[in-house]
Amino acid sequence: AELEARHGPYLVDVGGFRTDDKRRLVEGCAALTRQHFAIFRGLVEREEPHFAMLVDMGPDRLHHGLLASILPSHPRHDPSNPFCGAGRDYYALLDREIAATVEAAGEGALVMVVSDHGVRPLEGGFCVNEWLAREDYLVLEETPDVPTPLDKCRVDWSRTRAWGEGGYHGRIFLNVEGREPRGIVPPSDVRGLEDEIRVKLLALHGPDGNPMRNEVHVARELYPDATGLPPDLTAYFDGLSRRSIGGVGHGRLFTETNDTGPDDANHDPFGIFVISGCGAPRLGRVEGLHVTDVFQTACFALGIAPPAGTGGRSILG
């Protein structure tokens, strides 16, 4: 109630950021960023915490909705688009908000600016369940005539060995006997089936006939100790230039865009990690960092021993 009295209704996100109304998107990203930074600065100045963290979704939402407009190298870039300057204007706003926040934090503050992923142009999608159906891993009782989410389709689980989900990357699950409600794949066959699907995915060619730059991992390689049920296979399609499309009924393996609305961008493996202040050394550009290094650096700066078994290293010492 106190925050709303000062700043208005709290903006959780930029609603409907996958939209053709680019002006509303630009205004929504700016409003979200202004409000979140204002709330953050107010709390930092009042509480004087040892540690404070802000997550701003504005850059992510702007990239998804406008990367083709603001990035000249995007394959769908149109230099006559009226929103070509929207990215520069938004980042100027973001810089001003960060500068005001650094000033509010004071000279003794260590400041880290971090992203959990990067951004790259979205060139299209790969229909993972269409492919699994064509390869007879996924069996439908009836194939829809229009694009339909898999959970709205009638799956023949008595003959289905694998299915997938959409998103920034593909997540493929095996219908394992004893693990899934109607599993048919014997546990002894899991490793062989994983290898079979991985080999096929790595050999795929794109719509232009050239080999796709796919990367496929199995859960046992990624998660030495997993909580819950991670995907049996995780696939990054064409160097993350293509999203995983989970619906069926497209009648083809490749789409030109996202299936959940207009989208210009996909995630990229490399984000940013900028650190300054409080005696942080001027190292310039540092190669080979990992996302876990952010956590270790924060622990070191705060004088906190990281939990046993956590990876990464502090760049401060």
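This is a predicted model: local features need pLDDT of at least 70, side-chain atom pairs count only at pLDDT 80 or more; totals for chains, interfaces and linings use all residues.
Visitor: OK, and which residues of H8 are buried?
Guide: In H8 (residues 291–302) they are Asp293, Val294, Gln296, Thr297, Ala298 and Cys299. Buried means under 20% relative accessible area, exposed is over 50%, and partly exposed lies in between, using a 1.4 Å probe and protein chains only.

Visitor: What do those pack against?
Guide: Strand S1 (111–114) and strand S11 (273–276). Contact means heavy atoms within 4.5 Å.

Visitor: Switching topic: how many bridges join S4 to S5?
Guide: Four, and S4 (residues 162–165) runs antiparallel to S5. Two strands pair if DSSP finds at least two bridges between them. Glycine 164 stands opposite isoleucine 172 in S5. The hairpin of S4 and S5 has four residues between the strands, and glycine 167 there takes a positive phi near 145 degrees.

Visitor: And what stands opposite isoleucine 172 in S7?
Guide: Leucine 233 does. S5 and S7 (residues 233–236) run antiparallel, joined by three bridges. S5 (residues 170–174) is mostly covered, with four of its five residues buried.

Visitor: What does arginine 198 touch?
Guide: Leucine 233 turns up again, along with Val216, His217, Val218 and Glu221, leaving out residues up to four places away in sequence. Arginine 198 sits in helix H6 (residues 190–202).

Visitor: Why does arginine 198 count as buried?
Guide: Because its relative accessibility is 16%.

Visitor: Last one: at what angle do H3 and H4 pack?
Guide: About 155 degrees, with the axes of H3 (residues 58–70) and H4 (residues 86–105) 9 Å apart. So H3 is roughly antiparallel to H4. Axes are lines fitted to C-alpha atoms, for helices over the stretch in contact, and angles run from 0 to 180 degrees between N-to-C directions. Under 35 degrees counts as roughly parallel, over 145 as roughly antiparallel, 65 to 115 as roughly perpendicular and the rest as oblique.

Technical notes:
Residues are numbered from 1 along each chain as its sequence is written. Side-chain values use heavy atoms; hydrogens and water are left out. Helices (H or I, at least four residues) and strands (E, at least two) are DSSP runs, numbered from the N terminus.
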